[in-house]
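Please open the model in your viewer and keep the selection tool at hand.

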Amino acid sequence: MNHPSCLAVVLAAGEGTRMRSDLPKVLHPVGGRPLIDAVLESARAGGADRIAVVIGADKVRAHLSKTAPDARIFEQRERLGTAHAALAAREALAGHQGPVLILFGDTPLVRPATIAALTGRLSAGADIALLGFTTDAPTGYGRLIVEDGRLVAIVEERDADESTKAIRLCNSGIMAFRPGLLPELLDAIGNANAKGEYYLTDAVALGTARGLRAEAVIGSEESEFVGVNDRAQLAAAEAIFQKRARAEAMAAGATLVAPDTVFFSFDTRLGRDVTVEPNVVFAPGVEVASGVVIRAFSHLEGARVASGAVVGPYARLRPGADLAENVHVGNFVEIKNARVDQGAKVNHLTYIGDASIGARTNVGAGTITCNYDGYFKHRTIIGADVFVGSNTVMVAPVTVGDNALTAAGSVITADVPGDAMAFGRARQDVKEGMGAAKKAALAAKKAAAKSTG
C-alpha cells in the first residue's frame, strides 16, 4: 500500500528581535546546529518527505540552499500571524495531495516520534490534529478544550475565564491537516482579534463548525515544545538538549563520570564502554568507538577515535583528527587533519597538523609539525616505530622513514631514511669559567645602576 506524500510547512519568518542579534533567530544553534536544521531533521524522520519553509531573511535562504536544497522556499513579507505565514506557501499547498504538517522553525526539540503520532491521528480518522502538552505552569498558553475525545476549542489566555485558566492542557501550535483541507481553511480565517492578525489555530473552530473532526495529540514531554525567542530561552533549549544527549549516551553504554559537565553535539556518536571524564566538550562531527577513555578538559571536533584509545586530559582534537586503535594522546596535545596509527603515542605538549604518524611511533614532548608557510599547508609523514625526540620541529614537507630516530631538540628540514638517526641542532660549545665571569660582570653592572639611581 502506498502512503500519501506528507508536506511539512515550517514557519521560520520571525524577526527574532528579542535575540538582539544580526543572525536570524532560526540560525542560532542548539546542540551544535541551527534551530531550523533540527526542525527539518525531525520533520523528515517523522514522515515528511516534502519540505516548504516560509522565511523572512536572505541569510536563512542562503543557509537552506546548502543544508536543505530540496526544500521549497517562500517569503513572508508582512508579519500578520501564523495563518498568514502558512498562506505564503500557498503554491506548495495547492499542488499537494497528501497530509500537511505545520511546524515552527524556532521549536527545535520536538521528537520525530511525536510528529509521526500527530500525522498518524489523521490516518485514524481525524481531519485536524494538534499537538498539546500538559504543564503545571500554563500561564501564557492557549488552553485546549477537549470533549468526548474531540478538540472543540482553543481558548487564548486573554479570553479565558478562571475555570478555563485552570486547565493544564495547552496548545503547542503544531498541527496536521488531512489532504486538501488546509487551503480552504486558510482562506476562511479572519483577523477579527485584538492584534488584527490571522491565527492558524482558528482553523480548529472553523473546522468544528463545518462538522470536521479535530483531535489533540498529547506530547509525552513538555520540554519538546520549548520555543526560542530570546537568549535565555536559547540557553533553556540547550540545557534540555544536553540532558537528553547525556541520558541517551549513558543508556547506550557510555560512562559519564560527571554528566552535567559533559557537552554533546547533535551528531556525537559514542560506542559502548566509553568513559568520559569531567568537563569534556564534543563539538560537531565526533565519532568515538568502544572502550575509549576521554580524560578531563578535552575538546573534540570533527574527529574519529578508534577503540582502546586514550585522549587527554587537556587534549584538543580538531577537524580531520583520526586516531587508530590503542593510540594515546596526552595532555596539552593538539591534533588537526592528521592520522595517528595503531599504538602510537603523542603524550605531551605537542602539535600535530597535516600529518600521518605510523604505528607504534612515540612522539616526544614539545614536538611541532610546522605545516604552514604563510601561504600553503604542507604534510609531514612519520613512519612506523619511529622515536621522535623531545622538542623536535618537523618543517613540512618532510618524511621520516620507519624505525628512524630524531635527536631531542632537532629541527628536521630534510627527509630522514628508515633506520637512520637525524641530528638537526647546533653543536654544543662549552667555555670553561665563562659562566662565572659573565655573572660577575652582570652583578657589577646592576650594582652600579643601583648606586646611581
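In what follows, Ala, Val, Leu, Ile, Met, Phe, Trp, Tyr, Cys and Pro count as nonpolar, Asp, Glu, Lys and Arg as charged, and the others, Gly among them, as polar. This is a predicted model, in which local features need pLDDT of at least 70 and side-chain atom pairs count only at pLDDT 80 or more, while totals for chains, interfaces and linings use all residues. Residues are numbered from 1 along each chain as its sequence is written, and side-chain values use heavy atoms, with hydrogens and water left out.

Begin by selecting Arg18, Thr82, Phe104, Asp106 and Asn229, which lie nearest the centre of the largest pocket among the 43 residues that line it. (A pocket is an open set of points, on a 1 Å grid over the protein atoms alone, where a 1.4 Å probe fits, with protein on both sides within 12 Å along at least five of seven lines; lining residues have an atom within 4 Å of a point.) Its lining divides into 14 nonpolar, 18 polar and 11 charged residues. Next, select strand E10 (169-177), which gives the largest share of this lining, four residues.

Then move to the second largest pocket by selecting Arg33, Phe241, Ala245, Glu248 and Phe266, the closest to its centre of the 25 residues that line it. Here 14 lining residues are nonpolar, five polar and six charged. Finally, select helix H9 (231-251), the source of the largest share of that lining, five residues. (Helices, H or I of at least four residues, and strands, E of at least two, are DSSP runs numbered from the N terminus.)
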